[in-house]
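Reader: Please take me through this structure and tell me what stands behind each term.

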Amino acid sequence: MSALQLLEKDDTTKESSYGVNDFSITVATVNGSGSQTSNLTILRALFKMGIPVSGKNLFPSNIQGLPTWYTIRVNKDGFLARREEHEIVVAMNAATFAQDLASVNPGGAFFYADDLKQAANRQDIAAYPMPVKQIARDSGAPSNLRDYVSNMVYVGVLAQMLDIDLDKIYQALNFHFKGKTKPIDLNFGVVQAAAQWAADNLAKQDPFHIEPMDATQGLIMADGNTAAALGAIYGGVQFASWYPITPATSLAEGLLEYLPVLRKDPDTGKNTYAVVQAEDELAAIGMAVGAGWAGLRAMTSTSGPGLSLMTEYAGLAYFTEVPLVVWDVQRVGPSTGLPTRTAQGDLSFVYFMGHGDTQQVILLPGSVNECFEFGWRAFDIAERLQTPVFVLTDLDFGMNQWMTEPFQYPDTPVDRGKVLWEGDLEKMTEGWARYRDIDGDGIAYRTLPGNQHPKAAYFTRGTGHSEDARYSEDPQVWHDNLIRLKKKYETARSYVPAPVLDTQDGASLGIIAFGSSAPAIDEARHQLKERGLGTDFLRVRAVPFTAEVGDFIGKHERNYVVELNRDGQLHQLLTLEYPELATRLISAAYTDGLPLTARLVREAILSNEEK
Amino acid sequence: MTDQITTTGTRIPLNLAGMSKADYRGSPSTLCQGCGHNSIASQIIAACYELDIVPEELVKFSGIGCSSKSLAYFLNRSFGFNGLHGRMPSLATGALFADHNLKGFGVSGDGDTASIGMGQFKHVVRRNMRLVYIVENNGVYGLTKGQFSATAEQGLTLKSQGTNPYMPVDIAWEALVGHATFVARSFAGDPKQVKELIKAALSHNGVAVLDIISPCVTFNNQDTAMHSYAWGKDHEVALHELSYVPLAEEIMVEYEEGEDKEITLHDGSVVMLHKLERDYDPTDRAEAMRVLEEANRCECLITGLIYIDTEQPALVDIYNLPETPLNRLPESRIRPARETMQMVNDLMF
């Protein structure tokens with residue numbers, strides 16, 4: 001079948017029929033009006049009803065007043081990437097009313113606050129007015145809370161019109177308000193009143209329904225930043241320094257929330273950790289480098305602009321061989337960019353982060369569950385390799401709620417790497433030197449401040465240094481040291497997570513990607529397969545690449561490298577790594593600030609296959 | 001003190017830590033002959049020796065510049081980190097969390113602190129990290145060959161640079177405004193005072209800022225320059241005669257009512273301040289500000305302990321850390337128990 005035929009077929013089988021447990025809801029509200037509580041309530045209730053569901057907050061960089069959208073996708077088959085279409089739209093914002101009305105798919109449903117004073121004048125959709133102000137007023141909520149509870153009106157109306165279980169809504173509210181009866185009762189009262197009003201006043205004119213399933217049994221719902229923080233806690237994080245930045249802030253706040261619960265010494269009640277809010281990102285990473293150097297499991301978390309500031313310390317840590325973990329919750333760059341939108345645009349930058357010859361180790365979690373796993377694993381890798389480890393997630397993972405497998409307790413013991421304490425030094429017959437490669441893997445042995453052995457101390461410097469850590473400008477010494485660092489980077493390949501491979505029978509094409517684009521790729525592959533085009537998918541989980549990556553490229557004549565950036569940064573790194581395979585690599589890169597959709601992936605591949 | 005007798009029969013005096021003075025030495029200095037920084041390094045060695053400090057219990061930090069290089073010229077048996085320009089405070093802050101028994105010892109310069117590192121300087125001061133923070137202040141950039149630094153006085157004329165048009169940064173003043181709990185100014189040409197202040201700083205529970213005028217003999221030592229030896233010698237006005245008395249020693253000097261003041265430091269040691277020309281109370285912050293302002297106006301080099309507050313807790317003290325240093329905690333104390341995993345998953349929705 002030619003690609004052109006594929007495209008034609010694609011048109012005829014366009015978007016299958018949506019209806020029961022298969023549609024998207026978009027809620028248009030004003031930022032700061034408390035709608036996030038309502039949206040999460042719907043999301044969680046659907047999840048508790050056993051239906052695969054995802055939620056994405058498409059919000060502005062603003063505290064209050066700008067338009068914001070929240071999109072929920074339910075899909076019985078478990079395809080949960082963002083879609084560009086919405087069957088159901090809830091309009092709560094007068095400023096975007098016309099745009100929201102126009103965005104409803106034909107045959108869809110439009111719920112709108114009746115006080116917006118605008119006409120829902122489309123004949124091809126079902127339009128439902130909601131007396132939002134009236135119900136909020138009748139709720140008895142104090143006037144300062146009335147705007148917040150207004151948003152519960154659409155929760156109740158949707159529950160009634162889509163058959164969302166009110167008990168599950170109660171569970172969601174109970175979770176959100178941490179069991180506090182007063183706000184739970186107030187909000188649930190509004191939900192019930194709105195549902196009753198809808199039952200009494202609205203006639204169902206659209207085909208969309210929720211039916212309970214059991215597809216979420218055993219899963220949890222969490223965001224990537226919380227998962228990362230928890231993972232770090234199970235990894236034994238001892239020191240975290242940070243500076244507020246969207247979308248990474250909630251990662252550090254996750255540490256602050258859960259460390260006191262999980263990491264108070266049971267015997268002494270003392271903290272086995274310290275968290276410092278730094279004055280800027282220069283200091284945040286500086287503190288983490290100091291702590292890592294002195295033997296603590298140290299981390300910092302940031303996003304693009306903070307990362308730029310961290311570059312000089314990243315270079316120092318690479319060259320002085322200090323372990324630390326840096327979480328980069330990517331947002332859209334360059335520059336301040338789009339602070340509240342998602343991207344995968346920091347990969348090339350981080351790989352080379354530092355002047356001179358620098359190569360950094362990067363981990364790329366591809367699910368919220370992996371955010372947890374890499375949260376602890378990153379420390380083992382950093383301390384084993386004595387180098388910074390950068391973990392790149394993004395806003396989509398970091399700030400949205402995802403259903404995911406429960407977090408798994410670490411399956412390997414803590415690896416503190418090559419550290420010599422007093423007893424170890426005492427046993428050493430030959431002298432110890434900080435940068436001597438005894439084992440041939442490029443990784444030398446280190447000692448930590450506090451070590452009382454008279455031979456323990458050494459002097460760390462960002463300038464040229466010999467094996468015994470003395471200042472040196474000797475050309476051979478400089479050369480040898482850089483070559484050893486290169487060797488260490490080779491060693492890193494055996495410690496970083498291998499990629500995840502998913503094959504289809506008779507696949508001819510390869511897809512290579514990383515991070516949060518996996519759901520869109522999974523769905524696109526399903527659609528391509530339905531059209532007779534099989535694909536194998538390699539989800540890369542680390543740089544440097546492991547052997548599987550080269551093997552995969554070699555096995556496929558054309559490999560589409562799918563990523564959310566302009567320049568195809570993973571494609572760049574793969575091309576550098578495998579120049580002999582470069583002609584097999586095709587960049588399918590795209591960025592507009594929004595999470596990837598299956599359509600973008602599908603069309604990128606089909607349009608090229610058509611050539 | 002006991003003595004060590006070498007195989008050749010030479011007597012080497014040892015301090016209470018069982019160390020000879022050589023145990024506190026560093027690598028040979030590569031700074032210019034006569035550099036104030038070398039003199040300060042000697043006083044650091046002498047102070048640590050006399051304080052019976054175990055070198056492994058002190059950690060050195062510095063940034064970039066001539067002063068920062070001098071870190072390698074003392075205490076070779078201590079861990080040290082010569083880091084980034086202006087970023088020594090953050091490095092030290094993180095490292096000193098690893099073992100709360102360690103004494104932090106930072107050496108910086110006027111470029112490293114008052115220009116590129118002003119932000120980190122102000123914040124480490126504000127946090128009251130337990131850190132001796134010496135600024136070897138000479139008014140010029142040495143390693144890049146003699147440009148004005150931010151502490152150079154307005155009107156200073158240097159051969160290759162012309163005349164400095166800007167007002168200077170006063171490091172002691174910045175420290176004081178930033179709520180430093182120990183602020184001192186000294187002069188490399190007054191080694192006895194430098195040594196006593198270093199000893200007091202090492203006993204202080206918090207950040208101890210020592211702004212030490214340390215002349216650059218190569219680029220800024222002309223007699224009229226405010227960071228020169230000659231100017232310092234002519235214009236130094238000591239606030240008091242200062243002597244440090246360790247905890248173990250009985251105070252032998254005669255205490256004169258109205259003439260002497262005692263300040264007890266965190267570890268029980270005492271700083272004795274003997275009155276010179278005037279009464280000065282270094283626990284009075286407003287008075288400290290006034291004296292710095294006066295020094296500015298009269299163009300004199302006020303030296304001594306300008307301000308001290310022994311009440312503020314140090315940063316590490318407020319973190320409720322365990323007795324065992326964090327960097328020696330075993331896996332069992334840093335990884336939550338397996339049973340907690342279910343509880344955490346239950347906390348998610």
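This is a predicted model: local features need pLDDT of at least 70, side-chain atom pairs count only at pLDDT 80 or more; totals for chains, interfaces and linings use all residues.

Reader: How many residues of domain 2 of chain A are in contact with domain 4 of chain A, and what counts as contact?
Author: Two residues are in contact if their C-beta atoms, placed from the backbone, lie within 7 Å. By that rule, 19 residues of domain 2 of chain A are in contact with 20 residues of domain 4 of chain A.

Reader: How many residues of chain A are in contact with chain B?
Author: The count is 59 residues of chain A, in contact with 45 residues of chain B. On the chain A side, the largest share, nine residues, comes from α10(A). Helices (H or I, at least four residues) and strands (E, at least two) are DSSP runs, numbered from the N terminus.

Reader: Why is β16(A) said to pair with β4(B)?
Author: Two strands pair if DSSP finds at least two bridges between them. Three bridges join β16(A) to β4 (residues 79-82) of chain B, so they pair, and they run parallel. In β4(B), Phe81(B) is the bridge partner of Thr460(A).

Reader: What makes β16 of chain A and β13 of chain B edge strands?
Author: Nine strands form an open sheet with mixed pairing, in the order β16(A)-β4(B)-β3(B)-β5(B)-β6(B)-β12(B)-β11(B)-β17(B)-β13(B). β16 (459-461) of chain A and β13 (236-238) of chain B each pair on one side only, and these are the edge strands. Neighbouring strands are turned by 20 degrees against each other on average, direction ignored.

Reader: Which strand does β13(B) pair with?
Author: Three bridges join β13(B) to β17 (residues 301-308) of chain B, and the two run parallel. Glu236(B) stands opposite Leu301(B) in β17(B).

Reader: Which strands does helix α9 of chain B touch?
Author: Helix α9 (residues 285-298) of chain B packs on the sheet and touches β11 and β17 of chain B. Its direction makes about 165 degrees with that of β17(B). Axes are lines fitted to C-alpha atoms, for helices over the stretch in contact, and angles run from 0 to 180 degrees between N-to-C directions.

Methods:
Residues are numbered from 1 along each chain as its sequence is written. Chains are lettered from A and ligands numbered from 1 in the order in which they are written.
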